[in-house]
Amino acid sequence: MTATDRSHELITAAAQAAADKLAHDVIAYDVSDVLSITDAFLLASAPNDRQVKSIVDEIEERLQKELGAKPVRREGDREARWILLDYVDIVVHVQHSEERVFYALERLWKDCPEIELPADAKATRGKAAEHARLQAAEDSGEPDGDW
């Protein structure tokens, strides 16, 4: 069994929305062979709580406006460290970068096929590591070479 066309449509729109809001490391997995509750997972992260909320809001708005899809459940809003949007066909996880590293969802789903995403979403790969490197340089007072 593979993810449905509708699931791919939702994942693509959600990934583009996340990329448009500067999410880090956007990736999607087809989990339909191992889970009966959903077809696909979309993972994205951001370096702060405000950006996590912004990404989630953009995904919700875009899927509602473009595809008429509303999440049946939204969890994690209060602290905005890990917000989950459940659309039944897909589940979107937007995590604070620290939670992303700690919970390492990619490690859990690495055996599942990766879903092809738009170029903007693919371009987000490695952004969390780049951000962490720049933040560490800034915190240590070392120049990052970009000035």
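How many bridges join E1 to E2, and do these strands run parallel or antiparallel? In this predicted model, local features need pLDDT of at least 70 and side-chain atom pairs count only at pLDDT 80 or more, whereas totals for chains, interfaces and linings use all residues. Residues are numbered from 1 along each chain as its sequence is written, and side-chain values use heavy atoms, with hydrogens and water left out.

View 1. E1 and E2 are antiparallel and are joined by 5 bridges; strands are DSSP runs of E with at least two residues, numbered from the N terminus, and two of them pair if DSSP finds at least two bridges between them. His-24 has Ser-45 of E2 as its bridge partner. E2 and strand E5 (residues 90-96) run parallel, with 7 bridges. Ala-44 is partnered by Val-94 in E5.

**View 2. The two sides of strand E2.** In strand E2 (residues 40-46), 7 of 7 residues are buried, that is, under 20% relative accessible area with a 1.4 Å probe and protein chains only. In a regular strand the side chains alternate between the two faces of the sheet. Ala-40, Leu-42, Ala-44 and Ala-46 point one way from E2, and Phe-41, Leu-43 and Ser-45 point the other way.

**View 3. The lining of the largest pocket.** A pocket is an open set of points on a 1 Å grid over the protein atoms alone, where a 1.4 Å probe fits, with protein on both sides within 12 Å along at least five of seven lines; lining residues have an atom within 4 Å of a point. Among the lining residues are His-24, Pro-47, His-96 and Arg-100.

Methods
Buried < 20%, exposed > 50% of the residue type's maximum accessible area, 1.4 Å probe, protein only. Helix = DSSP H or I, 4+ residues; strand = E, 2+ residues; numbered from the N terminus.
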